2 protein chains.
Amino acid sequence: MAYSVRIDRLLKAAKAATGDRISVSSAGRTFEGMLMPQTGAGDPDKIVIKLDSGYNIGVSADEVRKLVQAKRAVAPAAPARFDPAKPAIAIISTGGTITSKIDYNTGGVTSLTKPEELLSSMPDLAKFVNVRSISMPFNIMSESMNHEHWQLLARECAKELNRKDVRGVIVTHGTDTLHFTSAALSFFLRNLGKPVVVTGSQRSSDRGSSDAAMNLLCSAITAAANMAEVGICMHGSVSDNYCSFTRGTRVRKMHTSRRDAFKPINETALAKVWPNGEIERTNPAVRVRDDSKAVELDDRFEPNIAMLQTYPGSDPTLIDHLINKGCRGFVVQATGLGQVPSKTRSWLPHIKRAVDSGVPVFLAAETIFGRLNCSVYSEGRAVLEAGAVPLEDMLAETAYVKLGWVLGHTKDMAEIRKMMLTNYAGEITERSTGEGYLE
Amino acid sequence: MAYSVRIDRLLKAAKAATGDRISVSSAGRTFEGMLMPQTGAGDPDKIVIKLDSGYNIGVSADEVRKLVQAKRAVAPAAPARFDPAKPAIAIISTGGTITSKIDYNTGGVTSLTKPEELLSSMPDLAKFVNVRSISMPFNIMSESMNHEHWQLLARECAKELNRKDVRGVIVTHGTDTLHFTSAALSFFLRNLGKPVVVTGSQRSSDRGSSDAAMNLLCSAITAAANMAEVGICMHGSVSDNYCSFTRGTRVRKMHTSRRDAFKPINETALAKVWPNGEIERTNPAVRVRDDSKAVELDDRFEPNIAMLQTYPGSDPTLIDHLINKGCRGFVVQATGLGQVPSKTRSWLPHIKRAVDSGVPVFLAAETIFGRLNCSVYSEGRAVLEAGAVPLEDMLAETAYVKLGWVLGHTKDMAEIRKMMLTNYAGEITERSTGEGYLE
């Protein structure tokens, strides 16, 4: 399909082609965004522009007062040459918005299959590092990731980390469950001596407001830095000024669309990273690089686990239903300091029955931030008596991933409890400092 | 049980009695807190002090270098006289930490039964208002509240609001599910002309660090102000400087223990309230007082509803299990812009089956902050095709309460959808401003 002759003329005069950034002025208003092709569904006499908000608007030829090409669409760059003066990092791509682009037919976003397409659009990367580009055998949006993807990914990470020439690993990933994957890698990769930087983008790389390029650049800087942590590197503020590198077990997606959606939970971010190559540690509790260490893969995982929320009217029979289906452990999101409904629809007998039958029940805070303390109220003490174990200041999502990992190692109740309360990857702190609240 | 003779002597010399605030210095350290009685369980030769952190410590008589009484325990004040120059407000108490005190036997917190006990410890209240004190027929911690409590409470609120002499209503309540109750009152109380201020405290009123007094004082100032909104009034910062009054449908408990645990979601707080009586509107979208309005009680509610989370490995058969048990509607917390797992353990057929059988499924954001937009990704469009309806920028907890309220009014699928997407109590905004993110 094509635009009308009138629009074709306007576009030619402005030397504007599909994918270019254009500016169109009509009476009193100016729209700037990406020129979309005419797809057949719309009026061929209307220019379709994808605004930075992500929405498409159509401006009819009659209304156009001025049309200028603001920026030429980026042409794919040639692959960068290997530069022995720069560190090598591996980029493992799994899918998600960061490797997606706008589908001109639907105006929606579709997944790219080749990570090279992403890299070629980010020539700045070659200023800092040599890139080894690795594709996983799957390419999915993150809401469909599961423990098998985490295991495949951890194996690939371990392989790359144990290469002498690789300074660190970047994982590109959809953002929806990014923090589950970063938690899984935190537990699966033992004896870590190099950084594993998990990143994604909230807006696809061909959008003017995309965070993909800066997130990837800052991730590369972090992957080459003097750290040995699994973490998430994403925009630290709504502006394009710096990224935050946050521990993989202490981070959560807190906004549907903002570029600074990932926030540290109960701990300060590990570092601030600027796209010019600067990096500032913001947390003293960072393990430093030791390239001599061989990373050990420990990815045993019990997938039959569940996370449940308590709330007014919540149904505790979900516990029984899931146990009947083979569920081996629970993370229950308790209210406040660690309470569950105990009058009508009481959760207490269901928790007790689960624990008595050898299915452990752990508590995490529904409030997301803060530490549980079940001994303050008699209602909290009743949950302890039922056999539930509060997990201090561990994030519920991290607790869920950790529970699968722990159950992959032991079925002994005492050992499960002990492992859940042992700090393996910065997921528990002994004493709360009040830091990491809505930073 | 009693302290040892040595400790009794030290206490007598300092004129310190149980409940007083004392300061005890040992070699190099000074502890300040409330003098606890000797309960028999501990060493009678150790003075037990409840620190402001909530923890008890024992200092043995040998170590005491200095012991001073810092502040006498507050004696209950006489009830304030009615002052015709001041507005009358009703305080309806339901239970929770704000009407609790430390149990000397356990060191934990137990619930008071008489709201007068609370009021008598807050003589400042009488400076601003005349108080009508109302007890509900229940006194419970908020994790055990359910829709029947919300209905009883709404009825009591309506009765008080429709009294000519009452300027506004305060509800004191446990904090764990405070935001569910504030949402319920927002929908149940129609044609509101006066403020309904829901408040609680994170630390009981007999602790040095308690937020009870200031929260109640600021709530009284808000209840007498020129507004007609249901909202939560709690500490706005970690310091004791001001409270935030936040819309009842736009607020969530975000921290287990901090006094500034309640945060506005996707909207700026309505007002800042200082304990000296000042109040500053911080949001233009506030309905103003109209004392001539008669509030209408509309508390029909369908309790057979559920809220479910999606996450890697989450089990969509919970939908079927709950429908078999009589569940009439769901709020599903979707990831990102509104996706659900669609590959292994896909939620799509379960959602489709529910909707096809007349059980509506609505989507809210698991990220808590932000707006859903299911049309960006094909995965989101698939959820729409399955029949789920995304609820814009509505908070999941608010959506859950609203769903019960809507289903109390109609069983017609089109009407349910229409009502869920109609803004009744500020729960939806048409366009996101980016305000109300981690303020």
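1. Start with the loop between α1 (5-13) and β1 (21-26) of chain A, where Lys15(A) sits. Helices here are DSSP runs of H or I with at least four residues, strands are runs of E with at least two, and both are numbered from the N terminus. Phi of Lys15(A) is near 55°, a positive value in a residue that is not glycine. Lys15(A) is exposed, with 10 other C-beta atoms within 10 Å. For that label, C-beta atoms are placed from the backbone and those of other residues within 10 Å are counted: 20 or more is buried, 12 or fewer is exposed, and anything in between is partly exposed.

2. Before going on, a word on what you're looking at. This is a predicted model, in which local features need pLDDT of at least 70, side-chain atom pairs count only at pLDDT 80 or more, and totals for chains, interfaces and linings use all residues. Residues are numbered from 1 along each chain as its sequence is written, while chains are lettered from A and ligands numbered from 1 in the order in which they are written.

3. Now look at Glu392(A), in the loop between β23 (389-390) and α10 (396-407) of chain A. Glu392(A) also isn't a glycine, and has a positive phi of about 55°. Is Glu392(A) buried or exposed? Glu392(A) is buried, with 22 other C-beta atoms within 10 Å.

4. On to the domains. Chain A is split into domain 1 (5-71), domain 2 (88-297) and domain 3 (305-420), with bounds from an automatic or database domain assignment. The centres of domain 2 and domain 3 of chain A, taken over C-alpha atoms, are 31 Å apart. Eleven residues of domain 2 of chain A are in contact with ten of domain 3 of chain A; contact means C-beta atoms, placed from the backbone, within 7 Å. On the domain 2 side of chain A, helix α5 (residues 178-188) gives the largest share, five residues.

5. The axes are lines fitted to C-alpha atoms, for helices over the stretch in contact, and angles run from 0 to 180 degrees between N-to-C directions.

6. Which strands make up the sheet? In chain B, it's an open sheet of eight strands with mixed pairing, in the order β9-β6-β10-β12-β13-β14-β17-β18; strands pair if DSSP finds at least two bridges between them. β9 (130-135) and β18 (279-281) of chain B are at the edges with a single partner strand each, so one side of each has no neighbour in the sheet. The twist averages 25° from one strand to the next. Strand β17 (residues 271-273) of chain B runs antiparallel to β18(B), and three bridges join them. Ala271(B) stands opposite Arg281(B) in β18(B).

7. Last, the interface. 60 residues of chain B are in contact with 61 residues of chain A. On the chain B side, the largest share, four residues, comes from α7(B).

Definitions and conventions: Two residues are in contact if their C-beta atoms, placed from the backbone, lie within 7 Å.
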